[in-house]
Amino acid sequence: MLSHIVSNSGFRPFSHCLLSWIRSTAVSRPHCLIQRPTFSLKFSRSWSNIPFITVPLIRSHGKPFAHRSELKHAKRIVVKLGSAVVTRGDECGLALGRLASIVEQVSVLQNQGREMMLVTSGAVAFGKQRLRHEILLSQSVRQALHSGQNQLKEMAVPVLEARACAAAGQSGLMALYEAMFTQYSICAAQILVTNLDFHDEQKRRNLNGTLHELLRMNIVPIVNTNDAVVPPAEPNSDLQGVNVISVKDNDSLAARLAVEMKTDLLIVLSDVEGLFDSPPGSDDSKLIDIFYPGDQQSVTFGTKSRVGLGGMEAKVKAALWALQGGTSVVIANGTHPKVSGHVITDIVEGKKVGTFFSEVKPAGPTVEQQGDMARSGGRTLATLMPEQRAEIIYHLADLLTDQREEILLANKKDLEEAEGRLASPLLKRLSLSTSKLNSLAIGLRQIAASSQDSVGRVLRRTRIAKDLELEQVTVPIGVLLVIFESRPDCLPQVAALAIASGNGLLLKGGKEAGHSNRILHHLTQEALSLHGVRDAVQLVNTREDVEDLCRLDKLIDLIIPRGSSQLVRDIQKAAKGIPVMGHSEGICHMYVDAEASVDKVTRLVRDSKCEYPAACNALETLLIHRDLLRTPLFDQIIDMLRVEQVKIHAGPRFASYLTFSPSEVKSLRIEYGDLECCIEVVDSVQEAIDHIHKYGSSHTDVIVTENEKTAEFFLQHVDSACVFWNASTRFSDGYRFGLGAEVGISTSRIHARGPVGLEGLLTTKWLLRGQDHVVSDFSENGTLKYLHENLPIPHRNIN
């Protein structure tokens with residue numbers, strides 16, 4: 001029905017269409033006295049893809065929230081809709097689809113038990129559209145009577161006075177809001193105010209009492225300045241302090257209302273993403289994530305929006321006034337088609353949307369500043385001599401063993417705090433030991449030794465023409481974001497690989513390993529200080545969610561998740577415009593062929609499943625050739641798994657062969673990550689390959705057989721990152737491959753696959769050296785010809 005209103009282009013007045021739509025959709029019950037429904041915290045109803053947030057909403061108003069993550073506790077919220085948000089691009093009429101989305105979000109939050117208030121523009125635009133139709137209709141009738149003909153001449157619409165437009169548009173705007181909120185069983189009430197209503201003490205008390213009573217009855221107040229009688233705008237001289245602010249536009253009205261009503265959060269929606277350090281659209285402008293009082297001196301304000309009285313400067317002044325009064329403020333874009341459908345709920349969930357106003361400055365740099373530092377430090381790192389980068393890594397390896405006691409003490413604190421909160425496999429990953437640190441040091445020294453000819457290595461040389469030579473050389477990718485869970489040993493491994501490849505690095509570790517990560521990062525920066533590149537590796541300690549980090553496409557060039565399959569899937573889903581290297585699951589298979597060696601099978605199965613079941617390269621599904629059932633070999637496998645206390649899940653075919661079978665598997669595509677394993681029966685090597693392709697994750701798959709022809713068939717036909725013959729799945733590891741370490745195991749098919757070591761963190765660039773060469777010289781009538789000769793590659797480094 002909304003589309004019918006939008007598309008109606010005849011002379012029929014728009015208000016008639018609106019009223020007919022309202023009549024057709026209105027419910028036949030007195031909805032204006034609906035009481036607040038009682039919802040439990042586990043209530044999960046939703047009208048769309050906007051989820052309910054199940055968090056306690058009890059908060060006493062006082063200081064504003066210090067961090068975005070606290071916004072989910074906001075109970076009383078004011079949403080200010082700017083003129084650019086409410087009106088169409090032609091400034092004549094309302095953006096109905098956008099308004100419907102906003103009403104839906106407000107309704108969802110209202111039905112969570114929050115108290116929502118709207119401060120809206122739009123009456124002038126709505127009235128302008130209505131009056132234009134009426135004037136055109138009137139002119140057309142008069143012209144037809146005067147000329148006696150049906151042909152209408154071009155008619156000019158006079159300039160419409162804003163106050164008259166507001167008077168004509170207020171009723172229609174409110175009727176539209178009422179009709180939209182009715183769809184969610186919510187009543188709305190209109191309140192028109194002027195500056196005098198706040199400065200007259202009696203009127204102010206009356207307004208306050210009315211608003212509180214409406215909120216008590218679960219009614220959404222829709223507040224607007226009474227533009228039909230509002231006096232001309234006054235200067236901003238009174239925007240000083242908490243007690244005085246004039247209502248001269250809806251920005252100041254929203255701020256005044258928020259402070260008067262002691263609201264927790266004010267959301268100001270405009271037609272820009274938030275506050276920029278220079279006018280949006282300029283070359284160097286950057287969105288300010290968090291704005292602090294006193295920062296306005298460093299901001300250059302641009303022009304006002306295409307409609308409305310206030311510009312960004314007015315919004316900032318009003319926001320700071322509200323912040324001083326105890327209300328948190330976010331300024332965000334309410335017009336962008338990709339985000340407007342969830343911008344309000346995203347803000348309340350604490351997501352990194354728009355500009356958040358805070359009185360609390362963080363102790364350290366912001367993540368954006370850390371990204372810039374990593375970029376700058378990485379570029380300097382890439383220009384060092386290979387020996388200097390190697391020296392940094394050797395020094396870090398020494399620090400891991402020299403500072404062993406301090407590292408293990410920090411790790412002990414993490415383990416004590418995680419006891420009872422983390423599952424056993426995660427506790428194993430969290431734990432560090434002397435042997436682990438020694439292995440780490442050995443791996444780092446391997447990386448240092450292999451890094452001598454990494455950055456700047458010439459891969460190809462071509463003579464394009466005489467005195468025109470082309471080279472392809474290796475270069476760092478840029479800035480890496482590595483997100484890891486419960487694996488503090490991951491930090492020095494990844495840092496060493498980033499140093500060796502000349503990449504800047506942002507590290508985001510799990511809070512469960514906080515103590516361990518901090519000391520390991522401190523040692524990493526100590527090693528980097530040898531050659532003045534301390535800032536190249538940054539540990540993100542701010543409250544940014546992983547989803548927010550994945551949106552920093554201007555700071556980060558590659559995301560590498562290391563953790564659970566759920567973490568990897570979440571990051572792959574959240575990453576916007578940033579490539580993600582990794583695997584979502586490690587469903588590794590081992591196929592035991594009919595010609596497998598009895599002596600080898602149990603050793604390989606035990607090592608693959610039991611040596612470290614929490615690892616992503618641990619065995620999860622064991623495929624047995626049908627001819628091995630009820631043989632001594634099969635019995636040995638089962639007995640070994642029972643001794644190792646491995647819980648067996650039977651696949652559908654395996655279960656059909658047994659009278660009393662183990663629990664049948666719920667799915668053949670499960671990564672257990674523990675002492676659990678699925679066993680399934682297949683008839684041939686081809687059936688095993690088909691099973692792996694259908695249920696595997698392209699990580700690591702193994703065949704156990706003495707038949708070389710069968711083994712080679714398996715190796716060539718299984719489409720996984722790692723395919724082994726008579727070897728444990730646990731060999732799928734950067735250290736065991738001789739890479740020194742790995743940033744992860746990739747199952748993607750672009751750039752890097754399998755254990756990703758130093759080579760996987762490099763890309764290439766082309767260097768062309770000429771002598772005043774121009775393309776026109778190679779034309780049909782030119783003086784030069786292309787040679788395209790391959791040249792020998794020198795054993796040297798670009799540095």
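A residue is called buried here when its relative accessible area is under 20%, and helices and strands are DSSP runs numbered from the N terminus. By that cut-off the buried residues of helix H9 are Asn 250, Asp 251, Ser 252, Leu 253, Ala 254, Ala 255, Arg 256, Leu 257, Ala 258, Val 259 and Glu 260, so that helix H9 (residues 250-260) is mostly covered, with 11 of its 11 residues buried. Just after H9, Lys 262 takes a positive phi of about 50 degrees. The structure described is a predicted model.

**The chain as a whole**

The chain contains 25 helices and 24 strands, and 53% of its 799 residues count as buried. Among contacts between residues at least 6 apart in sequence, 75% join residues at least 24 apart. The chain exposes about 36,100 Å², of which carbon and sulfur atoms supply 52%.

Strand S2 (residues 115-120) is mostly covered, with six of its six residues buried. Glu 115, Met 117 and Val 119 point one way from S2, while Met 116, Leu 118 and Thr 120 point the other way, and all of these residues are buried. Strand S1 (residues 76-81) pairs with S2 in the parallel sense over six bridges, and Leu 81 has Thr 120 in S2 as its bridge partner. S2 is also joined to S4 by two bridges, again with the strands running parallel, and here Leu 118 has Ile 222 in S4 as its bridge partner.

Asn 224 is found in strand S4 (residues 219-225). Is Asn 224 buried or exposed? Asn 224 counts as buried because its relative accessibility is 3%, which lies under the 20% cut-off. Its side chain makes a polar contact of 3.5 Å with the side chain of Thr 225. Leaving aside neighbours within four places in sequence, Asn 224 is in contact with Thr 120, Ser 121, Ala 123, Gln 170, Ile 191, Leu 192, Val 193, Asn 250 and Leu 253.

In soluble globular proteins, nonpolar side chains tend to be buried together. The largest nonpolar core in this model has 50 residues, and those with the most contacts inside it are Ile 392, Ile 393, Ile 407, Leu 505 and Leu 507. Helix H17 (residues 490-501) gives the most to this core, with nine residues. Not counting residues up to four places away in sequence, Ile 393 touches Leu 444, Ile 447, Ala 448, Ala 496, Ile 499 and Ala 500. Apart from this core lies another, of 41 residues, among them Phe 65, Leu 94, Phe 181 and Val 330.

| S17-S18-S16-S15-S19-S20 | parallel | S17 (647-650) and S20 (722-725) |

In the six-stranded parallel sheet, the twist averages 20 degrees from one strand to the next. Four bridges join strand S19 (residues 700-704) to S20, and these two strands run parallel, with Asp 701 standing opposite Val 723 in S20. Helix H22 (residues 632-643) packs on the sheet, where H22 touches strand S16 (619-625), S17 and strand S18 (676-682), and its direction makes about 160 degrees with that of S16. Helix H24 (residues 685-695) lies across strand S15 (588-592), S16, S18 and S19, and runs at about 170 degrees to S15.

Ala 614 lies in the loop between helix H21 (598-610) and S16, and Ala 614 is buried, with a relative accessible area of 4%. Which residues does Ala 614 contact, leaving aside its neighbours within four places in sequence? They are Pro 425, Arg 429 and Gly 673. The C-alpha atoms of Ala 614 and Gly 673 are separated by 4.3 Å, although the two residues are 59 residues apart along the chain.

Definitions and conventions:
Residues are numbered from 1 along each chain as its sequence is written. This is a predicted model: local features need pLDDT of at least 70, side-chain atom pairs count only at pLDDT 80 or more; totals for chains, interfaces and linings use all residues. Side-chain values use heavy atoms; hydrogens and water are left out. Two strands pair if DSSP finds at least two bridges between them. Axes are lines fitted to C-alpha atoms, for helices over the stretch in contact, and angles run from 0 to 180 degrees between N-to-C directions. Contact means heavy atoms within 4.5 Å. Buried means under 20% relative accessible area, exposed over 50%, partly exposed in between (1.4 Å probe, protein chains only). A polar contact is a pair of N or O atoms within 3.5 Å; within protein, one must be able to donate a hydrogen and the other to accept it, and residues adjacent in sequence count only if both atoms are side-chain atoms. A nonpolar core is a set of buried Ala, Val, Leu, Ile, Met, Phe, Trp, Tyr and Cys residues joined through side-chain atoms within 4.5 Å. Accessible areas come from the Shrake-Rupley method with a 1.4 Å probe; for residues, only the protein chains shown count as cover.
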